Amino acid sequence: MLDPRLFRSDLEETARLLARRGYLLEVERLSALEAERKSIQIKTQELQSARNANAKAVGMAKKEGRDAADLVAEGAALAEQLKAAEAQLSEVQGHFEAIALAVPNIPHESVPEGRSEEENVEVRRWGSPQAFDFTPRDHVDLGAALKLMDAETAAKITGARFTVLSGALARLHRALIQFMLDLHTGEHGYKEMYVPYLVNADSLRGTGQLPKFEADLFRLAGEQPYYLIPTAEVPVTNVVRDLILEDGELPLKMVSHTPCFRSEAGSYGKDTRGMIRQHQFEKVELVQIVRPADSFAALEQLTANAETVLQRLELPYRTVVLCTGDMGFSSTKTYDIEVWLPGQQSYREISSCSNFGDFQARRLQTRWRNPATKKPELAHTLNGSGLAVGRTLVAILENYQDEAGRIAIPDALQPYMGGITSLSP
RNA sequence: GGAGAGGUGGCUGAGUGGUUGAAAGCAGCGGUCUUGAAAACCGCCGGGGGUUCGCGCCUCCCGUGGGUUCGAAUCCCACCCUCUCCGCCA
């Protein structure tokens, strides 16, 4: 959520900044609501003040044994007016809030303007796609040849967009998780977190998935209105909801491995083949809570932390900065890391690293005590995948294949593979 | 699932209808004293919102949401959470 003050004192400028990302702010509606809000709020507070004074007067009169009937009658009249004013106020505030909650974050000035994915800007490239002297196969063919990846069985057990992995491939998948966690905790200074995979609506509202993106989530049908997490961002970032952190606690860097569940509504026909887009996948997530002045430097660091995973695995990738039109709802700036997939002859997203500024923190009420002012101020939050495990597995299969369909195990993963150095059909 | 207890400021903990946003203690901050420190003493010390150039003034917040009342931390209802005991269980 943006600072509501922006809608009051800086409405035109805010609308202009949001227009960069193609969002049309309801300027007239907001300024009309604001005018209404102001007069109703002042009136309401005056009535509250009168009520309080009257109640005190009644109390004193009774204590002194005087007749308070007139005062009580006056109070009753005030109470009636107040009730009406409060109802009006909460209606206006409700409208205001409903609009405010649906407004996306303002892109940072360094974000290139653009309408779609095509206008994202590549900022760097690491490694170079290997030249195969045969036609490289995609992970579906490779997995099937190995007999270690099975979508049909998953479809029988559950339905479309699930996978069963078995044997050494399942182990490789687990090895990736261990490797990533060890790297981020051991070398990058993140604290490992184990968190709930079911969350309440407040948490989803805090990180911005609700109210706007309910359709992307799986909701439990039981008594408790719980949701399956779409990313560890939700539980991990909500660790600091409603907290005022001391300066010394920042930056707070957390890493967590969780499964992620996404309904993928609206993606029909997209990536239906293979493990690229599933309803359930594993992810290692990096989250940082930082001082406001540090957040853009932290974004560079966090992105580099995610890239290190690919470098250690020796997987070629490129990093792009998302243009204003392709950024997520809550983000001020996002880097996507895209890994090379020989089977598709293209770079595919494997991590998305974002700085949310104070946008999530405002919803979460996550603050830090600024030592300079001694006052609580909103912290800044960031997160990024480090990395999406399923897609990393796909990248290894496709990049480490040979003509016989054998998959070499990257050196960095061998300590986790119990002596297995390759997977063979 | 059954039975009970409880949710008050950073923490401990008073407060059961009336000038209570809330005693007291601890912690924290500033000061006096001291060569320095400790102790002692004095003062300050929650958060959100509105308004104002600012000092300030007003308002809301005692788990959450409703209700009763001139007036609610205090009474009533619903919900949430925590703890204890029993049962079941990875």
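## Basis of the model

In this predicted model, local features need pLDDT of at least 70 and side-chain atom pairs count only at pLDDT 80 or more, while totals for chains, interfaces and linings use all residues. Residues are numbered from 1 along each chain as its sequence is written, chains are lettered from A and ligands numbered from 1 in the order in which they are written, and side-chain values use heavy atoms, with hydrogens and water left out.

## The surface near RNA strand B

There are 26 residues around RNA strand B, of which Arg8, Gln48, Arg51, Ala55 and Arg367 come nearest; a residue is near the strand if one of its heavy atoms lies within 4 Å of it. By class, this surface has 7 nonpolar, 8 polar and 11 charged residues, where Ala, Val, Leu, Ile, Met, Phe, Trp, Tyr, Cys and Pro count as nonpolar, Asp, Glu, Lys and Arg as charged, and the others, Gly among them, as polar. Of the RNA atoms within 4 Å of the protein, 74% belong to sugar or phosphate, and the rest belong to bases.

Two or more residues come from each of helix H1 (4-9), helix H3 (27-63), helix H4 (69-102) and strand E13 (367-369), and H3 gives the most, with 15 residues. Helices (H or I, at least four residues) and strands (E, at least two) are DSSP runs, numbered from the N terminus.

## The sheet and its enclosed strand

An open sheet of 8 strands has the order E1-E10-E11-E12-E15-E9-E8-E4, with mixed pairing; two strands pair if DSSP finds at least two bridges between them. The edge strands, each pairing on one side only, are E1 (121-126) and E4 (191-192).

Strand E11 (residues 333-341) is largely enclosed by the rest of the structure, because 9 of its 9 residues are buried, that is, under 20% relative accessible area, with exposed meaning over 50% and partly exposed in between (1.4 Å probe, protein chains only). E11 pairs in the antiparallel sense with strand E10 (residues 317-321) over 5 bridges, and 9 bridges join E11 to the antiparallel strand E12 (residues 346-355). E11 and E12 form a hairpin with 4 residues between them, and Gln345 in the turn has a positive phi of about 50°.

## Helix H7

Helix H7 (residues 167-186) has 20 residues and reaches 28 Å from its first C-alpha to its last, close to the 28 Å expected at 1.5 Å a residue, the expected span being 1.5 Å times one less than the number of residues. Among the buried residues of H7 are Leu169, Leu172, Leu176 and Phe179.

## Salt bridges

A search of the whole structure finds 22 salt bridges, each a side-chain nitrogen of Lys or Arg within 4 Å of a carboxyl oxygen of Asp or Glu. Glu64 forms one with Arg66, with the closest N and O atoms 2.9 Å apart; Glu64 counts as exposed at 54% relative accessibility, whereas Arg66 counts as partly exposed at 46%.

Asp271 and Arg277 also meet in a salt bridge (3.0 Å, N to O), and both residues are buried. Salt bridges that share partners join Glu122, Arg125, Arg318 and Glu338 into one network.
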